[in-house]
Amino acid sequence: MVKHQPLQVYEKQVFVSFVTGIYGCRWKRYQRSQDDSSRWECTWFIILCSSFLLLLFWAYFWLVAQNDFNEFNWSVYNRSGEWRDETIPILASTTVGFSYITFLLILALFHISLGQQLNLFWVHKIGVLATLLTTISGVVSVDDIWGDEWDILLVSLQSTAPFLHIGALVTVTAISWLVAGYVVRRERSNFQILVLLIYVIVLLAVCLAPLTFTCPCIMDRHSLKPRPDIIGRRGAPMLAPENTMVSFNRALHYGASSLEADVAISVDGVPFLMRDRTFRRTTDVNKVFPARQFDDASLFNWTEIRSLNAGQWYLETDPYWTVETLTARDRSRIGNQTVCSLVEMLRLAARANSSALLNVRKPPPEHPRSRSWFMDTLWAVQKAGISQKRVTWTPDTDRGRVRGLQQTTTEKLSVEEIRQRGITSLTLHYSQASHRDIQDYLTNNVSVTVYPVNEPWLYSILWCSGVPSVSSDAPQVLRKVPYPIWLMSQYAYGFIWISSDLVSVAIVVGIFCFQNYHMIRWRMSGMQTYNPEQIMLSAVVRRSSRDVNIMKEKLIFSEINNGLSSTEELSLYPENGYATYSHGGLSH
């Protein structure tokens, strides 16, 4: 009998070549392996997963932080002295990095599901490390410049938690295929038991996560309070320069029921509207008074202030990417804006039958009006002809001398302190206004205004919480929210939660049973190893076909490589006399 090695015929594996080629630059069949991945490559897989989770967190943060992009740019401006939209490079790099890492992770999971050895190409290793280090440096920088913004993550969960729960449940359920395959493929080991235990704990944690949710919009729709009033914060600064007459007119046009402004006092006692401490960002002071551009804005007299242009900067910097939407007439009007006085703004509010919220900045001690600034403000209110009951005063100083105006504070106080100070309302940052606190204030007849509210999701959860009014930079956006973006009864959500958990658990159990069933079949048939080609072969109907012959021929060499003893014998198609394997080799 002549013994020889049979000619192997392999089918093309385009998908496997694509996966291993892009992930590890292994385009040829002989470069691939189904051996266990080395510890070094497993470490890189862990680094890849960690990078993905960090980038997922980073991307979600910037997604919900869109509500405060203007605040972020203002914080950077106060540090650097230059106004730029710093969110653009951050969003661009985050999008590119997240897409890249996600693509590599998908390829790695395909490697595992196909039984291929992980071997990340060195170029990708550099890319993963660069992306990871860049993201870490971004997190550290944001924590230094904008550390208070992390609170928005917890606030956003009031709106997104039910949907994130479903997404996490789908992900954990899908991963069960890989976990089950890893656990049943080999002989039991302590590490496999540890992996299984961790997976079960994670699955249970995800299933029970809704017990920790606080979502105001899970409520009876009949208990929904009226739509919160919208206060134009510095007017409508996304459509016109902040604290200008054009901006306030735009805010009223888009349904604002009140106007909010930042008030400073000039050296000659004229209250004017300015957010910054200097004129550098929002006027042309560097051209008109170049030697005084870093001086405090309140150290100018009203004649000098009125000579500054307060609109051209908006057209040049386009801080909200809205200048292209303006007509030629609007651009001309904006380009000719000057610094607005408090009297002008209050007269506009009186004509529109609106109210005003004033954030008055106390002048520095060396200012000539440092002792009479509140009288200058009261004089402006009286001169404007607006009812004092429609003007809300926010400074905490000199409350006893300010009679007739509505009293509010930006400090979070207890109900007892509010009554002692004679305050009728609170103006709180959204991070300070929890659902429970809002309910306590409203129960004790304390009105609450929340700021800044620029995104529909935040407006919706505050609406469901019963907040009477919100202060917004984007009244034109909130005007398009006639109803909370989602509202669900407790019964409906409970049904969805329990049903999704039961379906997920059933699928996971089914996957483990399916994987274990095929493992038992192969062990009963004498196979001591387990690989994807054997599973594929077991699923093929027993019929004489070229594809089946090719697969079985590959199994011969799989068994040889796995170390069949010289006394073992594997026969393929003995009835056709195609090929046999014996202790002496292969015969034909």
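Biologist: This is a predicted model. Is E7 mostly covered or mostly uncovered?

Modeller: First, the general idea: in a regular strand the side chains alternate between the two faces of the sheet. Here, E7 is mostly covered, with four of its five residues buried.

Biologist: Which strand is joined to E7, and by how many bridges?

Modeller: Strand E6 (residues 406–409) is joined to E7 by two bridges, and the strands run parallel. Thr409 has Leu426 in E7 as its bridge partner.

Biologist: Now the cores. Which residues touch the most other members of the largest nonpolar core?

Modeller: That core has 67 residues, and Phe61 and Trp62 touch the most other members. Helix H2 (residues 39–64) gives the largest share of this core, ten residues. Leaving aside neighbours within four places in sequence, Phe61 is in contact with Val142, Trp146, Glu149, Trp150, Ile152 and Leu153. Another core, of 32 residues, lies apart from the largest one and includes Ala261 and Leu378.

Biologist: And pockets: what volume does the second largest pocket have?

Modeller: In general, rolling a probe the size of a water molecule over the atoms shows where empty space is left. In this model, the second largest pocket has a volume of about 920 Å³. It is lined by 36 residues, and the closest to its centre are Glu71, Trp74, Arg233, Arg234 and Arg275.

Biologist: Which element gives the largest share of that lining?

Modeller: H3 does, with five residues. By class, the lining has eleven nonpolar, ten polar and 15 charged residues.

Key. Residues numbered from 1 in each chain as written. Predicted model: local features only at pLDDT ≥ 70, side-chain atom pairs only at ≥ 80, totals over all residues. Heavy atoms only, no water. 1 Å grid on protein atoms, 1.4 Å probe; cavity = no way out; pocket = protein on both sides within 12 Å on 5 of 7 lines; lining within 4 Å. Points joined across faces, edges and corners; volume = space filled by probe spheres on them. Nonpolar A, V, L, I, M, F, W, Y, C, P; charged D, E, K, R; others polar. Core = buried A, V, L, I, M, F, W, Y, C linked by side-chain atoms within 4.5 Å. Buried < 20%, exposed > 50% of the residue type's maximum accessible area, 1.4 Å probe, protein only. Contact = heavy atoms within 4.5 Å. Pairing = 2+ DSSP bridges.
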